[in-house]
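This briefing is intended to be read alongside the sequence and the coordinates. Please keep both at hand while going through the points below.

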Amino acid sequence: LLLLPMLLSGVLAAAEQRGHHVAVQEHLMVLATRGVMVSDEVADSHRMDILGTSAAELAVYFQRTGAIWVLIAAVEAAQMAYSLAPEGHVHRANYALNLGSLLSASVTAGVVQATALVKAIGYKREAYTLLPKNHPSRALSASNLGLGLAEAVRAGVLQAGALGEAVDCLREAYTLTPKDHPDRARYASNL
């Protein structure tokens with residue numbers, strides 16, 4: 001019942017800004033995600049996987065539309081997926097990276113205070129340390145950590161000394177990426 005006003009305001013905002021059909025689609029996505037979060041019929045291991053996927057899908061949708069209430073639902077789903085992943089779980093690094101990225105997006109969108117960047121960096125750092133150098137997602141994780149550190153320094157929540165670590169991470173992302181890989185130019189630009 002406490003979520004009802006937020007759900008209704010999200011649906012109304014979507015209807016006004018993007019049309020009624022879009023509002024219904026957003027509403028269904030958010031409700032389906034929140035339904036998995038509270039269902040007694042879903043085992044935690046399955047809930048973790050569903051919420052990890054839902055968080056990623058909601059994040060993509062937010063990037064396309066800017067629908068803040070969808071971003072909030074994505075963060076909630078990512079937090080629960082991460083909390084359900086025990087240490088040593090094969091997907092824990094992915095859940096940590098996703099949660100860190102969503103928290104950073106929440107700061108950028110003005111949903112949470114800049115101090116949340118410290119938590120975001122913690123999750124990004126965990127993902128980075130969990131992935132060995134030969135892992136296919138290591139360069140992405142290094143890039144996200146480097147960009148997060150730089151963002152936190154710009155926001156004034158970390159000292160300028162963190163920029164050295166940021167550059168090291170960004171350099172690692174660039175170095176780990178093959179010359180013919182489509183992300184190499186982006187990693188070079190981030191440096």
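The points that follow cover the overall fold, the helices, the pockets and selected residues.

The model is predicted. Its protein chain contains nine helices and zero strands. Of the 191 residues in the protein chain, 42% are buried.

**Overall architecture**

- Read from the N terminus, the elements of the protein chain follow the order α-α-α-α-α-α-α-α-α.
- Among contacts in the protein chain with a separation of 6 or more, 58% are between residues 24 or more positions apart.

**Helix 5**

- Helix 5 covers residues 92-108 and has 17 residues.
- From its first C-alpha to its last, helix 5 reaches 24 Å, close to the 24 Å expected at 1.5 Å a residue.
- Helix 5 is mostly covered, with 13 of its 17 residues buried.
- Just after helix 5, Gly110 adopts a positive phi of about 80°.

**Helix 7**

- Helix 7 is formed by residues 138-155, and its end C-alpha atoms are 25 Å apart.
- Helix 7 is mostly covered, as 14 of its 18 residues are buried.
- Gly156 follows helix 7 and has a positive phi, near 85°.

**Largest pocket**

- The largest pocket holds about 440 Å³ of space.
- Its lining comprises 19 residues, and those closest to the centre of the largest pocket are Ala56, Ala59, Leu97, Asn98 and Ser101.
- Helix 3 (44-65), helix 5 (92-108) and helix 7 are the elements that each give two or more residues to this lining.
- By class, the lining of the largest pocket consists of 10 nonpolar and nine polar residues, with no charged residues.

**Second largest pocket**

- The volume of the second largest pocket is about 190 Å³.
- A set of 14 residues lines the second largest pocket, and Pro136, Ala139, Leu176, Thr177 and His181 lie nearest its centre.
- Helix 7 supplies the largest share of this lining, namely three residues.
- The lining of the second largest pocket has six nonpolar, five polar and three charged residues.

**Ser141, in helix 7**

- Ser141 is found in helix 7, and its relative accessibility of 0% means that Ser141 counts as buried.
- A polar atom of the Ser141 side chain lies 3.2 Å from the backbone nitrogen of Tyr128.
- Apart from residues up to four places away in sequence, Ser141 touches Leu97, Lys124, Ala127, Tyr128 and Leu131.
- Leu97, one of these contacts of Ser141, is also among the residues closest to the centre of the largest pocket.

**Val107, in helix 5**

- Val107 lies in helix 5.
- Is Val107 buried or exposed? Val107 is buried, because its relative accessible area is 15% and the cut-off for burial is under 20%.
- Val107 and Ala120 are 13 residues apart along the chain, and their C-alpha atoms are separated by 9.7 Å.
- When residues up to four places away in sequence are not counted, Val107 touches Val112, Gln113, Ala114, Ala116 and Leu117.

**Arg47, in helix 3**

- Arg47 lies in helix 3 and is buried, with a relative accessible area of 8%.
- A polar atom of the Arg47 side chain is 2.9 Å from the backbone oxygen of Ser39.
- Not counting residues up to four places away in sequence, Arg47 touches Val36, Met37, Val38, Ser39, Val42, Met80 and Leu84.

**Lys133, in the loop between helix 6 and helix 7**

- Lys133 is placed in the loop between helix 6 (116-130) and helix 7.
- Lys133 counts as exposed because its relative accessibility is 57%, and exposed residues are those over 50%.
- Which residues does Lys133 contact, leaving aside its neighbours within four places in sequence? Lys133 is in contact with Arg138, Glu172 and Leu176.
- The C-alpha atoms of Lys133 and Glu172 are separated by 9.4 Å, although these residues are 39 residues apart along the chain.
- Leu176, one of the contacts of Lys133, is also among the residues that lie nearest the centre of the second largest pocket.

Conventions. Residues numbered from 1 in each chain as written. Predicted model: local features only at pLDDT ≥ 70, side-chain atom pairs only at ≥ 80, totals over all residues. Heavy atoms only, no water. Helix = DSSP H or I, 4+ residues; strand = E, 2+ residues; numbered from the N terminus. Expected span 1.5 Å × (residues − 1). Buried < 20%, exposed > 50% of the residue type's maximum accessible area, 1.4 Å probe, protein only. 1 Å grid on protein atoms, 1.4 Å probe; cavity = no way out; pocket = protein on both sides within 12 Å on 5 of 7 lines; lining within 4 Å. Points joined across faces, edges and corners; volume = space filled by probe spheres on them. Nonpolar A, V, L, I, M, F, W, Y, C, P; charged D, E, K, R; others polar. Polar contact = N/O pair within 3.5 Å; in protein donor to acceptor, adjacent residues only side chain to side chain. Contact = heavy atoms within 4.5 Å.
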